[in-house]
Amino acid sequence: MRVSRLMLVTLRDDPAEAEIPSHKLLLRAGYIRRVASGIYAYLPLLFRVLQKISAIVREELNATGALETLLPQLQPADLWERSGRWSGYTAGEGIMFHLRDRQGRELGLGPTHEEVVTALAADLLRSYRQLPVNLYQIQTKFRDEIRPRFGLMRGREFIMKDGYSFHANEASLQDSYGEMDRAYRRIFSRCGLRTVAVEADSGAIGGSASQEFMVTAEAGEDLILSSGDGLYAANQERAVSLAAAALPLAAQPCRELDTPGQTSIEDLCAAHGFDPSQIVKVLLLVARCADGSLLPVLVSLRGDQLLNAVKLANGVSARLAPEQGTLLSIEPLTADLVRSERLPLDLSAIPFGSLGPDLSDGTLVATAAPTPTQVLAGSGNAALATAAQLRLVPKLLRLTDPTAAELETFVCGGNNPDKHRVGATWAGLGLAPELVDLRAAQSGDRCLHDPEQTLTAARGIEVGHIFQLGRKYSEALGARFTNESGAEEALWMGCYGIGVSRLAQAAVEQNHDSNGICWPVAIAPFEVIVVIANLQEPAQHLLGEELYTSLLAAGLDALLDDRDERAGVKFKDADLLGIPWRVVVGRGAKEGQVELVQRQGSVKRELAAAELIAELSALIKAGRSGLLA
RNA sequence: CGGGGCGUGGCGCAGCUUGGUAGCGCGGGUGCUUUGGGAGCACUAGGUCGCAGGUUCGAAUCCUGUCGCCCCGACCA
């Protein structure tokens with residue numbers, strides 16, 4: 001390809017719309033253009049990058065025996081209703097774009113394809129003899145992100161490779177999961193990316209084991225915690241660790257303590273000389289469920305620990321009654337929530353700042369009785385207020401983190417304003433704590449696998465995620481097969497994603513310098529750019545054309561900068577574009593000398609044009625294998 | 001959705017406080033000079049000042065509404 005024919009428009013200034021380096025560079029170098037928030041045109045240069053990434057993905061997946069397919073993006077609502085995800089994905093802050101067709105049928109634009117592929121499996125896979133099967137596709141996904149950002153990093157329309165495997169038993173699923181793990185490591189290495197595999201929360205997709213692949217970069221949206229020995233790495237959402245030992249509080253009879261205005265752990269410690277680890281911190285939250293019910297949740301944590309919201313949501317989800325459906329959200333009980341949910345609650349009757357783990361169920365119920373003024377002040381609609389009251393589950397879901405439960409004697413709120421208790425015990429409060437890991441692991445914590453190791457934090461961009469889904473979808477959608485003994489059972493499933501367009505940008509985030517992008521050879525839009533320094537010099541022009549033709553003939557992806565621009569302009573653009581190798585045909589052209597420059601590190605050397613092809617072929621062919629070597 | 005900010009030639013911005021009919025840099029076109037790190041000179045084209053109301057003799061500027069975009073938090077490849 002010739003630069004003069006490339007529709008290349010580079011920008012000298014950083015576009016105002018971009019914040020992080022990769023986004024700025026992709027815009028400046030003419031790889032992408034924004035069409036609407038979170039929606040981008042992939043220009044010809046980026047399209048070549050996407051094709052190269054896709055080719056690597058295909059090679060590695062095909063090598064495992066996976067089958068490429070292409071599934072519909074427009075999907076009927078009833079499929080999603082069968083899996084129970086329609087309301088969660090469309091209602092409220094749901095992520096699925098959805099619409100009605102001319103017949104009034106509801107459809108969604110696919111944010112993922114578990115439902116469609118499972119329905120197909122139900123149709124096609126009947127016997128254990130057909131298993132296992134692994135299907136994948138590379139196509140555009142749609143997600144109405146709450147906040148699109150950072151260009152391709154979090155778009156509303158993006159390219160994803162998603163794969164789904166089907167198995168006759170869990171062991172086979174685990175085999176494929178392991179095989180995908182290995183394939184993913186090869187894919188990212190071949191792309192030239194430094195990634196780290198971390199244990200992950202499986203989120204809305206559900207399932208058991210799951211692992212994310214993170215491109216390490218400052219601009220990453222995720223926090224990774226890992227041990228120095230390399231044996232443990234996890235997303236902070238999921239990470240576990242050993243909490244520091246608590247400072248024991250002497251056993252003593254439980255007594256009430258006056259704590260006027262002391263509503264925080266810091267206040268209590270400052271006023272009475274407690275250590276935060278001697279206090280049980282109690283949080284009151286409300287979970288919104290798909291059926292409209294509102295479940296109050298009382299969380300107990302050790303005072304020096306932080307709540308991990310993802311762990312809490314998982315813990316609550318697992319405890320919802322079937323008729324409550326899925327968990328839509330969980331948030332602290334605040335005045336804002338009372339207003340937005342029209343809850344007939346009098347928050348001033350709840351002793352925030354002095355909550356104890358034994359807060360009675362009646363506390364909420366008692367305040368929940370709507371007074372005439374509240375009914376009038378609220379929506380002015382008594383029926384609504386009563387409805388909201390009915391939606392409020394009258395019993396607290398009490399969850400306790402082990403760090404709190406392990407305290408033999410502790411300080412906690414007295415369920416009365418300005419009162420706390422010292423010397424409380426779980427038995428003394430008449431409680432048998434329901435244990436759930438709810439604490440957020442932090443950088444610096446000791447590791448579970450080896451207390452000598454501590455966790456350190458790094459930021460990462462999630463480019464891949466693999467899950468063992470189990471039978472959640474196959475059961476919901478009736479995807480059953482006949483096993484060896486002639487009995488019917490649900491298929492075991494795995495699912496495996498790679499954010500292809502995100503990966504392209506992550507590669508830039510990890511590989512750039514002050515002059516522009518430095519693509520890894522394996523995914524660069526072109527492998528080498530021939531720059532004719534001065535097009536007006538016949539010797540340069542001739543030699544440049546000649547080398548360009550030979551590079552193409554040698555099977556290299558070559559670009560020729562044949563623009564009648566000053567050399568400086570062409571050098572700047574070549575750096576910005578990030579082509580890994582540059583051949584400068586300039587002053588030495590008459591003597592048959594050219595300059596070879598490696599983009600990464602700007603390493604330069606002169607050599608005879610006659611030797612160029614052989615030299616460069618070897619270098620580029622080595623580079624094509626990325627970090628595998 | 002909550003909090004913060006921005007919409008002015010293709011791009012980056014000034015002008016707005018204190019209303020008087022739009023400017024700078026880059027980019028585009030033409031010509032001459034230049035030619036190894038985003039050249040110089042000259043000429044030139046290009047703007048419903050996001051949109052809609054309002055105030056005013058007069059609005060980019062003041063007021064109201066609305067749309068779009070970006071950043072910080074909850075969702076995910």
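Where does D418 lie? D418 sits in the loop between β18 (410–416) and β19 (419–424).

1. **The model.** This is a predicted model: local features need pLDDT of at least 70, side-chain atom pairs count only at pLDDT 80 or more, and totals for chains, interfaces and linings use all residues. Residues are numbered from 1 along each chain as its sequence is written, chains are lettered from A and ligands numbered from 1 in the order in which they are written, and side-chain values use heavy atoms, with hydrogens and water left out.

2. **Around the RNA.** RNA strand B is surrounded by 52 residues. A residue is near the strand if one of its heavy atoms lies within 4 Å of it. The closest are R12, R143, E145, R147 and D575. Of the RNA strand B atoms within 4 Å of the protein, 48% belong to sugar or phosphate; the rest belong to bases.

3. **Polar contacts.** Here a polar contact is a pair of N or O atoms within 3.5 Å. R582 places a polar side-chain atom 2.5 Å from a base oxygen of RNA strand B. For K604, a side-chain N or O atom is 3.4 Å from a base oxygen of RNA strand B. G499 uses its backbone: an N or O atom there lies 3.0 Å from a sugar or linking oxygen of RNA strand B.

4. **Which elements face the strand.** Two or more residues each come from β8 (157–167), β20 (455–470), β23 (492–499), α17 (567–577) and β28 (581–585). The largest share, eight residues, comes from α17. Helices (H or I, at least four residues) and strands (E, at least two) are DSSP runs, numbered from the N terminus.

5. **Make-up of that surface.** By class, the surface near RNA strand B has 20 nonpolar, nine polar and 23 charged residues. Ala, Val, Leu, Ile, Met, Phe, Trp, Tyr, Cys and Pro count as nonpolar; Asp, Glu, Lys and Arg count as charged; the others, Gly among them, count as polar.

6. **Cysteines.** The structure holds zero disulfides, a disulfide being a pair of cysteine sulfur atoms within 2.5 Å. The sulfur of C254 is 6.7 Å from its closest cysteine sulfur, in C412, too far for a bond.

7. D418 has a positive phi, near 65°, and is not a glycine. M7, also not a glycine, has a positive phi of about 55° and lies in the segment before α1 (21–28). The peptide bond from L131 to P132 is cis, with omega near 0°. P132 belongs to the loop between α5 (114–124) and β7 (133–142).

Notes:
A polar contact is a pair of N or O atoms within 3.5 Å; within protein, one must be able to donate a hydrogen and the other to accept it, and residues adjacent in sequence count only if both atoms are side-chain atoms.
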